[in-house]
Amino acid sequence: MAIRLGDTAPDFTAESTEGTIRFHEWIGNGWAVLFSHPKDFTPVCTTELGYMAKIKPEFEKRGVKIIGLSVDPVGDHRRWSKDIEETQGHAPNYPLIADPDRKVADLYDMIHPNALDTLTVRSVFVIGPDKKVKMTLTYPASTGRNFDELLRVIDSLQLTANHKVATPVNWKHGEDVIIVPALSDEDAKKQFPQGWKTQKPYLRIVPQPR
Ligand code: BEZ
């Protein structure tokens with residue numbers, strides 16, 4: 001069963017490179033990114049996992065934990081981590097779930113048999129403190145993901161959660177944002193006493209709240 005936005009992220013217990021993970025307990029009260037990659041000791045995955053390690057401080061700044069997954073065992077993850085460090089300059093500094101029996105992969109619909117019948121595809125789930133799925137993304141095995149884009153989406157999600165604003169096309173941190181349509185002008189006055197620019201009644205622009 002596909003996981004949709006707003007669904008509760010399925011809970012699970014699994015082995016990882018950092019011991020047994022009880023997923024919801026591991027997430028705690030913050031945000032999380034769960035991402036799958038097809039296979040250990042493969043080129044695109046090597047670059048992805050090294051880059052995730054490099055930008056982990058950016059996730060931490062935003063209160064987001066990161067965790068990877070593939071259908072390979074913990075021993076492979078550990079041996080491959082040394083290659084990742086050697087070639088990318090960063091070893092994974094976050095847990096990698098070992099899912100050889102595909103328990104988690106099936107729970108999260110990470111195996112797309114018409115693309116790769118035995119391996120996980122490149123899935124990403126951004127999960128909020130309420131354990132609800134806030135974003136999903138699926139890439140094919142041959143295309144490395146843009147993990148900087150995840151940070152951009154998380155910035156947008158956190159702004160919406162905290163300030164009742166949405167973010168326009170190609171928005172980047174620091175740029176103007178949009179007052180969500182659900183907020184009436186009357187309520188918007190309380191939230192944004194400095195005012196806003198109305199381009200259309202449904203398109204109200206404000207500086208990004210800090
Ligand atoms: C890769 O990470 O390079 C890869 C993994 C599985 C299939 C194709 C490419």
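Leaving aside its neighbours within four places in sequence, with which residues is Ser70 in contact? In this predicted model, in which residues are numbered from 1 along each chain as its sequence is written, local features need pLDDT of at least 70 and side-chain atom pairs count only at pLDDT 80 or more, while totals for chains, interfaces and linings use all residues. Side-chain values use heavy atoms, with hydrogens and water left out.

Beyond those sequence neighbours, Ser70 is in contact with His37, Pro38, Asp40, His77, Ile97, Ala98, Asp99 and Thr120, where contact means heavy atoms within 4.5 Å. Ser70 belongs to strand β4, which spans residues 64–70 (strands are DSSP runs of E with at least two residues, helices runs of H or I with at least four, numbered from the N terminus). The relative accessible area of Ser70 is 0%, and the residue is therefore buried (under 20%, with exposed over 50% and partly exposed in between, for a 1.4 Å probe and protein chains only). The side chain of Ser70 is also joined to that of Asp40 by a polar contact of 3.1 Å (a pair of N or O atoms within 3.5 Å; within protein, one must be able to donate a hydrogen and the other to accept it, and residues adjacent in sequence count only if both atoms are side-chain atoms).

Turning to the ligand, the residues around it are Pro38, Thr42, Pro43, Val44, Cys45, Arg122 and Ala141, each having a heavy atom within 4 Å of the ligand. Helix α2, residues 43–54, gives the most to this shell, with three residues. An oxygen atom of the ligand lies 2.7 Å from a polar backbone atom of Val44, and an oxygen atom of the ligand is 3.0 Å from an N or O atom in the side chain of Arg122.
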